[in-house]
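Subject: Structure for you to look at

Dear colleague,

I am passing on the structure we spoke about, and below it I have written down what was found in it. Please read the notes with the model open beside you.

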Amino acid sequence: MQTIKVLFHVSDQEVWPKAVTNIENYLNDVDKETIEIEVVANAAAVVTYFNADKKELLDRMASLSAAGVKFTACRNALKANKLAEADLPSFVQPIPAGITEIVIRQTEGFVYIKP
């Protein structure tokens with residue numbers, strides 16, 4: 001069976017709850033063995049990864065990561081927001097540039113979703 005590849009793009013902090021709920025709902029509705037999901041966070045959205053006040057949201061992200069969802073953070077955005085890559089949660093992978101990642105993934109057949 002063909003793998004369905006989905007790319008969620010989050011650039012604003014206030015969009016995170018909707019994005020995480022979208023991903024949870026999608027996973028509940030599909031065969032998890034036939035999907036690949038990546039979340040690209042850039043711009044202000046990377047700040048949420050460091051926000052201790054968002055523990056419940058971060059816990060939901062960690063659970064999604066354990067289920068195979070790949071969470072990323074744009075290094076350019078980390079630098080712009082003066083955030084240390086080393087302090088990212090363990091489930092988040094830094095990437096050189098969010099926009100470049102989006103372009104690459106779309107050329108690889110990922111469906112682009114901007115919650």
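The expected span of a helix is taken here as 1.5 Å times one less than its number of residues. Please keep in mind that this is a predicted model. Helix α2, residues 55–66, has twelve residues and reaches 16 Å from its first C-alpha to its last, which is close to the 16 Å expected at 1.5 Å a residue.

The buried residues of α2 are L57, L58, M61 and L64; they cover an arc of only 115 degrees around the axis, and therefore lie on the same side of α2. These buried residues pack against α1 (16–29) and β3 (70–74), whereas K55, E56 and A66 are exposed on the other side of the helix. Just after α2, G68 takes a positive phi of about 110 degrees.

Two other residues deserve a look for their backbone angles, since most residues other than glycine have a negative phi. A43, in the loop between β2 (35–41) and α2, has a positive phi near 50 degrees, and it counts as partly exposed because its relative accessibility is 37%. K82, in the loop between α3 (75–80) and β4 (92–95), has a positive phi of about 55 degrees, and with 76% relative accessibility K82 counts as exposed.

Finally, S11 is found in the loop between β1 (4–10) and α1, where it counts as buried because its relative accessibility is 14%, under the 20% cut-off. Leaving aside residues up to four places away in sequence, S11 touches N42, A43, A44, A45 and K114.

Terms used:
Residues are numbered from 1 along each chain as its sequence is written. This is a predicted model: local features need pLDDT of at least 70, side-chain atom pairs count only at pLDDT 80 or more; totals for chains, interfaces and linings use all residues. Side-chain values use heavy atoms; hydrogens and water are left out. Helices (H or I, at least four residues) and strands (E, at least two) are DSSP runs, numbered from the N terminus. Buried means under 20% relative accessible area, exposed over 50%, partly exposed in between (1.4 Å probe, protein chains only). The arc is that of the directions from the helix axis to the C-beta atoms. Contact means heavy atoms within 4.5 Å.
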